[in-house]
Amino acid sequence: METIFTENWEQRLEMQFLKNGRCRKRAYICSPLSAEKDVDFLRNMHSARAYMYYAFEKMEMYARAPHAYLPMLLCDRIPSERDLALNFGLSLLENSEIILICGNRLSSGMKGEIAYAAWFQMPMVVFDEGLYPEVQKEIMEHGGNQQCVQLDRENYVMGFSTPVTYLENAAMLK
């Protein structure tokens with residue numbers, strides 16, 4: 001499997017902001033952030049960046065994940081700062097064309113984002129087959145249309161909790 005996560009992938013992610021790629025379809029990355037251990041919290045931030053990069057490189061979308069960078073500015077454990085980050089994320093979500101639901105579990109923050117997207121009847125894409133029925137349930141509970149959500153089996157890497165680790169390991173086995 002060819003890996004797009006080369007040594008300088010994070011610098012290439014940052015460079016997307018200087019390119020005309022901003023006119024691509026605007027996608028919101030919905031993935032877990034919260035974790036009990038700091039190392040897992042940081043891994044989730046890093047995974048959100050990897051989802052952004054993959055969506056840009058392979059899916060040709062301009063992806064935004066506020067939780068990939070905001071925790072460096074705001075403390076997720078301080079309720080007022082968490083609320084500020086969540087409200088910013090919802091504003092960004094509202095200005096997106098599609099929501100990409102990444103990883104293989106739903107966090108409470110993700111459930112809120114899915115409910116918000118369901119209210120707007122926003123198209124949603126899920127990459128993990130086990131997560132798909134959970135997302136449909138969340139949409140139903142919030143009066144959304146289940147037709148708005150689809151399962152994408154082609155970009156299955158977006159369903160992994162640690163996409164970079166998986167792709168780095170796959171490249172080493174070549």
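Me: In S2, which residue is the bridge partner of Arg-26?

Reply: The model is a predicted one. Strand S1 covers residues 25-30 and strand S2 covers 61-64, and the two pair in the parallel sense over four bridges. Within S2, the residue bridged to Arg-26 is Tyr-62.

Me: What is the order of the strands in the open sheet?

Reply: The protein has six helices and five strands, and its elements run α-β-α-β-α-β-α-β-α-β-α from the N terminus on. The open sheet is made of five strands with parallel pairing. S2 and S5 (149-151) are its edge strands, each pairing on one side only. The order is S2-S1-S3-S4-S5.

Me: Which residue in S3 stands opposite Cys-30?

Reply: S1 and S3 run parallel and are joined by four bridges. Tyr-28 stands opposite Ile-99 in S3. For Cys-30, the residue opposite in S3 is Ile-101.

Me: In S4, which residue is the bridge partner of Ile-99?

Reply: S3 also pairs with strand S4, residues 124-126, in the parallel sense over three bridges. On the S4 side, the bridge partner of Ile-99 is Met-124.

Me: Are the residues on the two faces of S3 buried or exposed?

Reply: On one side of S3 are Ile-98 and Leu-100, and on the other are Ile-99 and Ile-101. Both faces are covered, and these four residues are all classed as buried.

Me: What is the handedness of the β-α-β unit made by S3, H4 and S4?

Reply: Helix H4 takes in residues 108-119 and forms the unit together with S3 and S4. The two strands pair in the parallel sense. The handedness of the unit is right-handed.

Me: At what angle do H3 and H4 pack?

Reply: Helix H3 comprises residues 79-94, and its axis lies 10 Å from that of H4. The contact involves Arg-82, Leu-90, Leu-93 and Glu-94 of H3, with Ser-108, Gly-109 and Tyr-116 among the H4 residues taking part. The crossing is right-handed, and the packing angle is about 35°.

Me: At what angle does H5 run to S5?

Reply: Two helices lying across strands of the protein may be taken together here. H2 lies across S1, S2 and S3 and runs at about 170° to S2. Helix H5, residues 131-141, lies across S3, S4 and S5, and its angle to S5 is about 175°.

Me: Which element gives the largest share of the largest nonpolar core?

Reply: This core has 19 residues, and those touching the most other members are Ile-29, Met-59, Leu-100, Cys-102, Phe-127 and Met-158. The elements giving two or more residues to this core are S1, H2 (38-57), S2 and S3 (98-101). Another core, of 18 residues, lies apart from it and includes Leu-92, Ala-118, Met-124 and Val-135. In the 19-residue core, the largest share is five residues, and the element that gives them is H2.

Me: Why does Ala-55 count as buried?

Reply: Ala-55 lies in helix H2. Leaving out residues up to four places away in sequence, Ala-55 touches Glu-60, Met-61, Ala-63, Leu-100 and Met-158. A residue is buried when its relative accessible area is under 20%. Ala-55 therefore counts as buried because its relative accessibility is 0%.

Me: How far apart in space are Ala-55 and Ile-29, C-alpha to C-alpha?

Reply: Met-158 is in contact with both Ala-55 and Ile-29, as well as with Tyr-51, Tyr-54 and Phe-127 among others. Ala-55 and Ile-29 are 26 residues apart in sequence. Their C-alpha to C-alpha separation in space is 8.9 Å.

Me: Among contacts between residues at least 6 apart in sequence, what percentage join residues at least 24 apart?

Reply: The protein has 174 residues, of which 47% are buried. For contacts between residues at least 6 apart in sequence, the share joining residues at least 24 apart is 71%.

Technical notes:
Residues numbered from 1 in each chain as written. Predicted model: local features only at pLDDT ≥ 70, side-chain atom pairs only at ≥ 80, totals over all residues. Heavy atoms only, no water. Core = buried A, V, L, I, M, F, W, Y, C linked by side-chain atoms within 4.5 Å. Buried < 20%, exposed > 50% of the residue type's maximum accessible area, 1.4 Å probe, protein only. Contact = heavy atoms within 4.5 Å. Pairing = 2+ DSSP bridges. Right-handed = clockwise from strand over helix to strand, strands pointing away. Axes fitted to C-alpha atoms, helices over the stretch in contact; angles between N-to-C directions. Left-handed = near helix turned anticlockwise from the far one by under 90°.
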